[in-house]
Amino acid sequence: MNVVVVVDRNWAIGAKGKLLFHIPEDLEHFRDITYSHCVVYGSETLKTFPGEKPLPGRSNIILTRSEMPEINALIAHNLDELAEILCKYHTEQVFVIGGASVYEQLLAYCDTAYVTKVNASIGGADAFFPDLDSKESSWRLINEGAPQKSRTGYQYRFLVYKNEGMRKY
């Protein structure tokens with residue numbers, strides 16, 4: 001599995017159930033990485049999508065303890081059910097895309113992290129992603145893109161990390 005995330009300088013990812021940034025170039029990057037693959041996310045992340053509908057052009061799996069209405073996505077209520085779904089459908093490219101609790105549950109099983117790091121600190125953030133640069137982390141930076149400036153004024157860069165201590169799923 002892989003992980004895709006947008007973080008600020010302090011590894012914050014959200015505030016009050018909303019994403020911290022709207023960066024059109026990052027959305028294009030996200031689409032390029034995940035399109036025609038499988039994405040795994042929580043029910044709160046689903047609420048941030050247009051129309052609160054699963055992402056088109058991808059196999060969507062929602063990891064949630066809650067009951068879900070009829071929706072065009074597969075539902076896993078725990079990690080065992082997620083493993084069954086992934087084995088059943090032989091999904092090769094899987095991208096974990098949020099939110100914080102799903103990242104927390106699945107990050108150790110991910111091999112590659114595609115991180116968009118925004119050169120900003122957002123006050124009021126209440127959801128965070130683990131600091132992959134910390135000395136205790138098993139993640140190592142393998143690719144650091146050039147700094148870029150978005151049409152919305154944010155400075156950011158695309159980073160790729162590899163997990164040297166990945167657990168088998």
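Guide: In this predicted model, two strands are said to pair if DSSP finds at least two bridges between them.

Visitor: Which residue of S8 stands opposite Val5?

Guide: Val115 of S8 stands opposite Val5.

Visitor: How do you know whether Asn2 is buried or exposed?

Guide: Asn2, which lies in strand S1, has a relative accessible area of 9%. Buried means under 20%, and therefore Asn2 is buried. Leaving aside residues up to four places away in sequence, Asn2 touches Gln93, Val94, Phe95, Val96, Cys110, Thr112 and Tyr114.

Visitor: Which strands of the open sheet are called edge strands, and why?

Guide: The open sheet has three strands in the order S3-S2-S9, with antiparallel pairing. S3 (18-19) and S9 (127-128) are the edge strands: each pairs on one side only. Between S2 (residues 12-15) and S9 there are two antiparallel bridges, which meets the requirement of at least two. In this pairing, Gly14 stands opposite Ala127 of S9.

Visitor: What makes Ala12 a buried residue?

Guide: Ala12, found in strand S2, has a relative accessible area of 1%. The limit is under 20%, so Ala12 is buried. Beyond its neighbours within four places in sequence, Ala12 is in contact with Val6, Val7, Leu20, Ala125, Ala127 and Phe128. Ala12 and Asp126 are 114 residues apart in sequence, and their C-alpha atoms are 7.4 Å apart in space.

Visitor: Which residues have the most contacts inside the largest nonpolar core?

Guide: They are Val40, Leu106, Val115, Phe129 and Leu132, in a core of 30 residues. Among the elements that each supply at least two residues of this core are S1, S8, helix H3 (79-88) and helix H4 (100-106). Apart from it lies another core, of twelve residues, including Tyr41, Leu46, Ile62 and Phe95.

Visitor: Why are Trp11 and Tyr161 called an edge-to-face pair?

Guide: The ring centres of Trp11 and Tyr161 are 6.3 Å apart, with 65° between the planes. Centres must lie within 6.5 Å, and planes over 60 degrees apart count as edge-to-face; therefore both conditions hold. The pair links distant parts of the chain: Trp11 is in the loop between S1 and S2, and Tyr161 is in strand S12, 150 residues apart. Both Trp11 and Tyr161 are buried, and together with Tyr103 and Phe129 they form one aromatic cluster.

Visitor: What makes Tyr41 and Phe49 an aromatic pair?

Guide: Their ring centres are 5.0 Å apart, and the planes are at 70°. The limits are within 6.5 Å and over 60 degrees, so the pair is edge-to-face. Tyr41 is buried at a relative accessible area of 0%, and Phe49 is buried at 12%.

Visitor: How do you know that Arg31 lies over the face of Tyr35?

Guide: Arg31 is at 4.3 Å from the ring centre of Tyr35, and the distance limit is within 6 Å. Arg31 is accordingly listed over the face of Tyr35.

Technical notes:
Residues are numbered from 1 along each chain as its sequence is written. This is a predicted model: local features need pLDDT of at least 70, side-chain atom pairs count only at pLDDT 80 or more; totals for chains, interfaces and linings use all residues. Side-chain values use heavy atoms; hydrogens and water are left out. Helices (H or I, at least four residues) and strands (E, at least two) are DSSP runs, numbered from the N terminus. Buried means under 20% relative accessible area, exposed over 50%, partly exposed in between (1.4 Å probe, protein chains only). Contact means heavy atoms within 4.5 Å. A nonpolar core is a set of buried Ala, Val, Leu, Ile, Met, Phe, Trp, Tyr and Cys residues joined through side-chain atoms within 4.5 Å. Rings of Phe, Tyr and Trp (its six-membered ring) pair if their centres lie within 6.5 Å; planes under 30 degrees apart count as stacked, over 60 as edge-to-face and the rest as tilted. A charge sits over a ring if NZ of Lys or CZ of Arg is within 6 Å of the ring centre and within 35 degrees of the ring normal.
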